[in-house]
Amino acid sequence: MAPYRYGPPALKSSVDVQLQTAFSDGNWHTVIRLATKRASTLKDPYYEAIKVCAESQLDGTAEKCGALVAIDELVKNKKTPDLDTIELYEWACRDFFDYDVEYADTLGPLRARWAKANPSSPLAMQCLQACLERWDLVSAQQIATSLDKAHANTADRRYMFWNIILTYLLSISPQCTDASRKVYSLLAVRQLERAADLTENSEKLEPTDRGLLTEEEVCLYYRVLRSHGTKEDFISRVKSPKLGAIGQLKEGKKLLLCETLDTLETWGEWDLIYQLCREALSLGLDGGTTPFLVCDLQIWRKFAAAASKVADSESALGEVQTILNKYIEIKDTASAMYKKNLSLALLEATFRLPAAALNPNRDKTGLSPRVVQIGLFLDQYFERLSAFDDVKGYVAELGFDEIKTLMEDVLPKMLGEDVDKARKAVLNALESRLRYLLTTCPQTLSPQPSVVDGETQDKPFQCRLCDNPASIPCESCLKKILLDASKAYKEIRGDKELVDSIPRLDKDPRLDLALVMGTSLLKLSGLRPRTTDVIRPLWQTVDAGLFLQAVLLLDAQLKETPGDTELRLLLVQLYLLLGCASYAYQLWTPLDVKRTIQDALSPLFFDRISSLSPGLFHGTRPLMEPLRSFYSHNLGDRSPVRIWDAFSAGSYTSILDIVRYDGNLRRSCTVMMTLVEERRATRCYGGKIDVEIEEHFLTENIDDNTTLVNNTDYGPFPNLESTHGPPVHEYLRLGPGLSNERSHLAFLSEQYLDLLLYKPPKDYRPSKQTEVALRDREYTLETLSRLSNSLTDFLHQPTTPSRLTVAETTYYTVLSLLAAALLIALSTPRSDPVPKTLSLLTGSIKSAIASLRTDFFSLPSSPSTAASKMTPDKTTTITRKGGRLPGVSPSLTEMPTFAALRDAALAVRHSAAFVVAAHDRELARDRSGRSGVHRDVLAEMRALDAAAGKVLGEAKGHVQRLKEVLSEGGWLDRILELAFGGAENEEEGGREDEVARTVEEVIGGRGAAEEWAGRVVESWREGVKGWGMVKME
Amino acid sequence: MANFRRFRPDDLNKLSKCNLDPFTETYDLGFYLQYYAKWPSLFQVAEDQHGNIIGYIMGKLESSPDVYRFSEHYLPWHAHITAVTVAPEARRLGIGKLLTEQLEVAADANGAWFVDLFVRVSNHKAIAFYKSMGYSVFRVVKDYYGEHSTDPTLSSEDAYDMRKPMKRDVKRQHVRDDGEKHEVDPSVVW
Ligand SMILES: CC(C)(COP(=O)(O)OP(=O)(O)OC[C@H]1O[C@@H](n2cnc3c(N)ncnc32)[C@H](O)[C@@H]1OP(=O)(O)O)[C@@H](O)C(=O)NCCC(=O)NCCS
């Protein structure tokens, strides 16, 4: 930011000392007096400006606007004031910009005029900077054009490229009028084309020539060409010897090649991709570049993919192999990283070969070249932490026979005679992960006829690995994997020598095993992604015992390996699901998600948090303050952070990318999440919301047409799943992730509440009461109509249902119905009949709330357990009966539904109150009563209000009951019974629960479990305490 | 498994594998973007097959401000490594080294006398890493870091200022053998 935004600018040195002193001391009255005198004696308008600016520092509204009026005049009169005057005015108006006054209408044009008149002055560049820092692209582009003209053919090439890039930026900005857009687009492309031609046609380019010289200039050209030029032009240039991708690569510049390949891929230009990859990789072999410059996995993948798509794919794939083999010959000179890339490239190439070329008899023998390659790769890399991730995708592509061979032949023989215990343990852990992976691959299952021997089969598949009847995933495989993993786990733990060797390994194999056990338990428990079609509460969808065992086991592992972020994040999610928000927060905090990474990572904890546990907002420091300050710090100005640095350094691709990033950040769903979660929590406790959401600077450019982007990073989750099914984080979330649809619905709902809850300032007494009342009414009706339409539109988008939980859908539906109902309620004259629609709307509102109410209050008091949920199946049933959660306590995991119910009921009450208040206001103004709200409408509203009030009363009672039930004794036993089954159950059932026993052993016995159960209950109690303070009226 | 390429701002949404590791500091947006704006080719990343960033280096080219030209602590034109980090799962594969080498190539191409960096004296892994690539301690900056990374009872920690001479420094004027013995106050370091 330029310094003049803060302190007052220095006055011209010609100004006398007395005035200078008064000005720098801020003695504005003295300044006004002296400046007025000097203006009249010296006839210099500069003093007039000083006077106006000093006046603007005084309190009166008229004085404050003096500088604006003066600027307006200058703009209108096409005058060009001197720069000192401009600086003075800019400083005087600094608080107005971005809010009330557009820079582009005021100082921008003045600065552009000045720069045009003084293009050779070094100060002209300052004008450019000032306009850029206010993101006034129109003026900035004009200044850049003036500068370029004045500095054509100088060695400072930036002037030319500033002009071009600003012309381009303007052409893609909303600041450009539609009429000029085309002109600017053409202008940018033409100028760059000319420069490119000059480069192509000159033997050698001097810095003073107007061609393309640096990597940044060349890449700018291609970026603009891609967006505004034709595909043909792009392709023909990218092949050219000098400016083409290969030509640039020969000069050691790799950026263009990478960007070009990405572009060509979106166009499906596989022939050219193939050609470019081949040439690029050959250069490394021929000494045209440093050997491994382009030996990235990306390039190999694209090369192999392209080879499989070109006309003569067989010989193309042969060529891939040939080049790859040449690299493999020289791989000893490469670093470990490239060696590994080459091994992966080999895998990639093998997997892209057509099946026929690989092995015509593939079905008969599982030892296909693909399996051989995986084996060879693992042989070298199985000990590396990333081994599983590296091969996972390939293993999931294998056919069933190949899978069998890999798992039964290749892996077991991998270590041969090697007896190193640690290596064995690591391989074992990897094998365990792969076995889990395979349960998520459809090729391990075969469809089963629904009726066999006259008996209907309740499992749709037969597992090809264990031959048992199965659904997805195969439960008996999962159970076996779990038991084997636990055995391996216990063996490691029992072997001191082995435990001592763990710090030397890439990763503690116990961690891998625990993750396999934990996720297997979760799957066995029946946990599935919570999408709209899974409408039942947690305890009705999962087996409580297995679910709790999973949490307990993973929690115990975190104690052993507290530094593992994957495991920690997994647990954070599980505790949120379990309704233990305060404990989840304790686990979240050490991850130290702060500053820049918050936008991508904070949704993993904060999304929906106010509905789960508003009490968290009651801590000593504002819960989401770091997020809020991150945004205000980086989005407070209209210009992207550090944009001038990029201009000044001539980093043109950086400029484009920073602009794009800035746009994405402003449209981030996380921004909306931050605003909405905080507002909801504030309302829970009757706090004051400082600013209406629509007036918040962070929503400045957001309207219904803005696509909000989900930047959430799910990268740090462990993911044992194959791509055939949903990734693990979808199983763990409270509901669908952040989305454009949900963010807009939340935004609109908050606007609706802002309208309802608006209170005019206490001392507000308008003089023309009737006029103001009419205007207010008009505004209210317009807003209601807009909100009702927008809410309905978003709710009806085909993608919306999959983006919301059921409770959210109902809440937003209620709000859209309310907005529509209020519109009718407030616009129906007392003399007309009330339209039927109103009662339809209120009827729908009542039934929506009733359904939320039923969903929530009719939760069963006992969660399902193994015995009650699973079908009796001799091989797969996990035999254990569990304890139960008493009274209302199962609802502890369903608090988001509770929050939706409360919020919906409150919105109803506020809406009714709003109508009644409007009526009372009218009555006070116009005693005749003619302008008031229709009597039937009022009755309808009062009925709604009463219904909502009843629900809120129940809600209050519910929290009270939760409190009571949690303060009872015996909770530890209860949870342990739920997790492991009671002693008497075991005896009674006769069969012992192998899984439960195993888990208990792994975690170190009941004592450890008891301590854990204590933490769970404590966190529930804390959450309920927070709910106890929430306002229910 | 890895691609090497220039950083781009979208990568900031993919830093978790590196930055959730306690040894890697997370900076303000302006800090990353400043480097990307001014020295884009010195900001390089390694990414895995899913687009996660598994390593990055941030560097700059500069000399001390002109006013210090005659100070004994004046630094001539050189490259500086501001941050280098590799995700735990991708360590010991040479990624850190490759990233550093790329920066050294750029330093040579830009006529730098040396490449330097600061590292906590307790960060033995990183010190071993730099030493393996030819960096040596030039001086010890007392209490350079505000807190100690391993010992919470200490309120500060010293830094090694490590250097590697570039091609331009033919006579190795900018390195010394006994750097551990040269202690300086943080106020003389820019
Ligand atoms: C320091 C760090 C960047 C090294 O990255 P890396 O990719 O694992 O390092 P490389 O594989 O390129 O190692 C190159 C050489 O450095 C040395 N080295 C690297 N890590 C080492 C370690 N932990 N112990 C001893 N030497 C090590 C070795 O000589 C190695 O060569 P070798 O593997 O052939 O023996 C990485 O450990 C890291 O990100 N640490 C956390 C962040 C940090 O401390 N950054 C430095 C702040 S100044």
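Me: In chain A, what share of the contacts between residues at least 6 apart in sequence join residues at least 24 apart?
Reply: That share is 73%. Keep in mind that this is a predicted model.

Me: How many helices and strands does chain A have?
Reply: Chain A has 50 helices and five strands.

Me: And what does the C-alpha trace of chain A span along its principal axes?
Reply: About 110 × 90 × 55 Å.

Me: What percentage of the residues in chain A is buried?
Reply: Of the 1033 residues in chain A, 57% are buried. The accessible surface of the chain is about 43400 Å², and carbon and sulfur atoms account for 51% of that surface.

Me: Charges next. How many positive and negative side chains are in chain A?
Reply: There are 125 positive and 142 negative ones. The centres of the two sets are 3 Å apart.

Me: New topic: how many disulfides are there over all chains?
Reply: Zero, from a search of the whole structure. Take Cys93(A): the nearest cysteine sulfur belongs to Cys53(A) and is 7.0 Å away, while a disulfide needs the two sulfur atoms within 2.5 Å.

Me: Is Cys93(A) buried or exposed?
Reply: Cys93(A) is buried, because its relative accessible area is 0%, and buried means under 20%.

Me: Which domain does UniProt list for chain B?
Reply: An unreviewed UniProt entry lists "domain: N-acetyltransferase" for residues 2-167 of chain B. That span is 23% helix and 33% strand, and its end C-alpha atoms are 29 Å apart.

Conventions
Residues are numbered from 1 along each chain as its sequence is written. Chains are lettered from A and ligands numbered from 1 in the order in which they are written. This is a predicted model: local features need pLDDT of at least 70, side-chain atom pairs count only at pLDDT 80 or more; totals for chains, interfaces and linings use all residues. Side-chain values use heavy atoms; hydrogens and water are left out. Buried means under 20% relative accessible area, exposed over 50%, partly exposed in between (1.4 Å probe, protein chains only). UniProt positions are given in the numbering used here, feature names are shortened, and annotations may be inferred rather than shown by experiment. Helices (H or I, at least four residues) and strands (E, at least two) are DSSP runs, numbered from the N terminus. Contact means heavy atoms within 4.5 Å. Accessible areas come from the Shrake-Rupley method with a 1.4 Å probe; for residues, only the protein chains shown count as cover. Lys and Arg count as positive and Asp and Glu as negative; His and the chain ends are not counted. The place of a charge is taken as NZ of Lys, CZ of Arg, CG of Asp or CD of Glu.
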